[in-house]
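Here is a friendly briefing to read alongside the model. Please keep the sequence and the 3D view open as you go.

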Amino acid sequence: MNKLTSIIIPTYNGLALLERCIDAIRNHTDKAQTPYEIIIVDDGSSDNTAQWCVDQQLRLITQSTNRGFPAACNKGLRLASGDRLVLLNNDVIVSSGWLLHMGKALESAGNVGLVGPMSNYANGRQQQDTAYNDMNQFHLQAAKQLHSQAGYYEPVLRLVGLCLLFERELLNTIGELDERFGLGHYEDDDFCYRARAQGYQLLLCRNVLVHHEGHASFSKHNAQHIKHLLERNKQLFMDKWQVDPALFH
């Protein structure tokens, strides 16, 4: 019997992005092959996100304030029913077969802990040059990649948190995301570091491509604020582990 996957999506005043994200999941994930549930964690949005989620019959957690990406993910993880868990940004559009093939990567060896896809907007090994100009072209490119690079899994030291798949066993072993990272950035580096410290392998699923708008949730903050957040959180990581996270990118 196929395992249930809980897809957890934090969101904050990004209803248009969320609608596209949910539409893509529903259109490009075969529930017979990969059963899933969607959990939305709404961080006090004022754009009718909560009502839309109710109308769409999505599992919903509402928070009165925006406590940041790590805290929202943890709220969703606590509610999740699945044996497998996905943390997904609300500005990501998935492609056909994404969950099935990321699941195959997760099952490819006994010590695989975290799996991530390729994307048009990421940093590190997950960044991919793309030639598409619209979503139709994106899905065509993703479909070709799915078959041309089937079973191509690359061991990496770090995965970006835009789309992460893992078993509940990993969560039970290493714990939740560290909420000291506030609004976000470097909580994914920390999660990956802790997974590797417990002997888990991280795999990049090179045959799965997702579209990522990139920093959509942070565009509401000015550049100086983002720069300060990045500097602060990098220092938090270094203070915690006594290592520069850039070594793993």
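Strands E4 (residues 84-88) and E8 run antiparallel and are joined by five bridges. This is a predicted model, in which local features need pLDDT of at least 70, side-chain atom pairs count only at pLDDT 80 or more, and totals for chains, interfaces and linings use all residues. Residues are numbered from 1 along each chain as its sequence is written, and side-chain values use heavy atoms, with hydrogens and water left out.

Helices (H or I, at least four residues) and strands (E, at least two) are DSSP runs, numbered from the N terminus. Two strands pair if DSSP finds at least two bridges between them.

- Strand E8 (residues 163-167) is largely enclosed by the rest of the structure, because five of its five residues are buried (under 20% relative accessible area; exposed is over 50% and partly exposed in between, with a 1.4 Å probe and protein chains only).
- Cys163, Leu165 and Glu167 are buried on one side of E8, and Leu164 and Phe166 are buried on the other, so both faces are covered.
- Leu85 has Phe166 in E8 as its bridge partner.
- Strand E6 (residues 112-119) also runs antiparallel to E8, with two bridges joining them.
- Phe166 in E8 stands opposite Leu114.

**Helix H5**

- Helix H5 (residues 135-148) has 14 residues and spans 20 Å from its first C-alpha to its last, close to the 20 Å expected at 1.5 Å a residue (1.5 Å times one less than the number of residues).
- Phe138, Gln141, Ala142, Gln145 and Leu146 are the buried residues in H5. They cover an arc of only 140° around the axis, which puts them on the same side of H5 (the arc is that of the directions from the helix axis to the C-beta atoms).
- Asn136, Leu140, Lys144, His147 and Ser148 are exposed on the other side of H5.
- The buried residues of H5 pack against strand E5 (92-93), helix H4 (98-106), E6 and strand E9 (201-212), where contact means heavy atoms within 4.5 Å.

**Cysteines**

- The structure holds zero disulfides (a disulfide is a pair of cysteine sulfur atoms within 2.5 Å).
- Cys21 counts as buried at 1% relative accessibility, and Cys163 counts as buried at 0%.
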